[in-house]
Amino acid sequence: MAAFGSVFMPQMALTQFDNNTWSDSTIVDSQSIQLHPGAHVLHYSSTCFEGLKAFKHDDGSIHVFRMDQNVDRFDQSSKLLHLPDIQKDQVSHMILDILANYKDQIPEPPGSMYIRPTHIGTEPAIGKAASPSLSSMLYVLISPVGDYFAGGAKPLRILLDETGMRCAPHMGMIKSGGNYASALGPILAAKEQVQADQILFCPNGDVQETGAANFLLIDGNEIITKALDSSFLHGITRSSILQIAEDMGMTVSERELTVQELLERAAKPGVEAALSGTAAVLTTVGTLIHNGKEYKVGTGEPGPTTQKLRQTLNHIQWGKIADKHNWLTQVG
């Protein structure tokens, strides 16, 4: 089985912004794009992207999960990076058009078609470090994927880092490549030094997010996560899990969570912790590492509430239970 996200369909949808206008979108070869070596994106990281999935239901129909939310966030990222404003309707049609071309190649659940809309600044101008790109390219790449944890999900080991941040605070809401790059060094060091799978960034003791996912703490009937602000990514899986938790009668607390409170709660029986994201959905955190000590979360194994939340979300995506929040958009 190829690594998650390493296989691509041979075509993608593409549009370009030039002279204050977006071109009509077209379906092109996935390896056909050309960039000037002075393109703004290559020097000043004028780039943002999205990640969402399309699922095949038992009747053969194809459904995209929460496309409107992803397109809204894509629009927000583009604006915050001062890239040309996208046309949200055009992007939605591009997603549906390229999926329609490959309906027969979308895997059965738990597989899916991963969708990666990408927006990059293309103006060839290396003197514009403090100015936005006036031209850009937007494309929608798709990748058939299997289960993110094909070998079975293992509880994660997470290092709590109170000194650093995933990215600059004003960049947190933007889904931009530079944010992932800025977290890579600390994550690799944590893997080598304490065999952590990820870092949970907690600047000045404020529990925020990991390098690629939002953090959720489950204590009995309460689910706790940091309230939305501009310093971290507003995860769409996070939003979906919180809505499902509310539907199940749980108390959803979006508030500040300190490292001290996290460690105190983690030691209690029955407590669970998880990371949420598009690729992995909801993944158990089994161990927290802090100041050279290891703290088991609850039993250290996947808990029943985490499993129930994940299964409910999957079953909505796969068409096994009712989509009462209208999260699915049918293709074709």
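Q: What does the accessible surface of the protein chain come to, and how much of it belongs to carbon and sulfur atoms?
A: In this predicted model, the accessible surface of the protein chain comes to about 14,900 Å², and carbon and sulfur atoms hold 50% of that area.

Q: And how many of the residues are buried, as a percentage?
A: Of the 332 residues in the protein chain, 53% are buried.

Q: How many helices and strands are there?
A: The protein chain contains 7 helices together with 17 strands. Its radius of gyration is 20 Å, close to the 20 Å that the globule rule gives for 332 residues, so the chain is as compact as a globular protein of that length. As for its outline, the C-alpha atoms fill a box of roughly 60 × 50 × 35 Å when this is taken along the principal axes.

Q: What share of the contacts is between residues 24 or more positions apart?
A: If you take the contacts with a separation of 6 or more, 70% of them are between residues 24 or more positions apart in the protein chain.

Q: Switching to charges, how many positive and negative side chains are there?
A: There are 25 positive and 35 negative side chains in the protein chain, and the centres of these two sets lie 4 Å apart.

Q: Now helices. Which residues of H6 are buried?
A: Helix H6, which runs over residues 259-266, is mostly covered, since 6 of its 8 residues are buried. Those residues are Val-259, Glu-261, Leu-262, Leu-263, Arg-265 and Ala-266.

Q: What covers them?
A: The cover over the buried residues of H6 includes several strands, among them S9 (156-161), S10 (198-201) and S11 (214-219), and also S15 (281-290).

Q: What about H5, how far apart are its end C-alpha atoms?
A: They are 17 Å apart, which agrees with the 16 Å that the 12 residues of H5 (residues 236-247) should span at 1.5 Å a residue. The buried residues in H5 include Ile-236, Ile-241, Leu-242 and Ile-244, and Arg-238 is buried there as well. Just after H5 comes Gly-249, which takes a positive phi of about 90 degrees.

Q: Which residues other than glycine have a positive phi?
A: Asn-19 is one of them, with a phi near 50 degrees, and Asn-326 is another, with a phi of about 55 degrees. Asn-19 sits in the loop between strand S1 (11-18) and strand S2 (21-22), while Asn-326 sits in the loop between helix H7 (304-317) and strand S17 (328-330).

Q: Are those two buried or exposed?
A: Asn-19 has 69% relative accessibility and therefore counts as exposed. Asn-326, at 65% relative accessibility, counts as exposed too.

Q: Where is the cis peptide bond?
A: The cis peptide bond joins Pro-109 and Pro-110, and its omega is about 10 degrees. Pro-110 belongs to the loop between helix H3 (88-101) and strand S7 (112-121).

Q: Last one, what does Met-171 touch?
A: Leaving aside residues up to four places away in sequence, Met-171 touches Leu-81, Ser-176, Asn-179 and Ser-230. Met-171 itself is placed in the loop between S9 and helix H4 (177-194), and its C-alpha atom is separated by 30 Å from that of Pro-144, a residue 27 residues apart from Met-171 along the chain.

How values were computed:
Residues are numbered from 1 along each chain as its sequence is written. This is a predicted model: local features need pLDDT of at least 70, side-chain atom pairs count only at pLDDT 80 or more; totals for chains, interfaces and linings use all residues. Side-chain values use heavy atoms; hydrogens and water are left out. Helices (H or I, at least four residues) and strands (E, at least two) are DSSP runs, numbered from the N terminus. The radius of gyration is taken over C-alpha atoms; the globule rule is 2.2 Å times the number of residues to the power 0.38. Buried means under 20% relative accessible area, exposed over 50%, partly exposed in between (1.4 Å probe, protein chains only). Contact means heavy atoms within 4.5 Å. Accessible areas come from the Shrake-Rupley method with a 1.4 Å probe; for residues, only the protein chains shown count as cover. Lys and Arg count as positive and Asp and Glu as negative; His and the chain ends are not counted. The place of a charge is taken as NZ of Lys, CZ of Arg, CG of Asp or CD of Glu. The expected span of a helix is 1.5 Å times one less than its number of residues.
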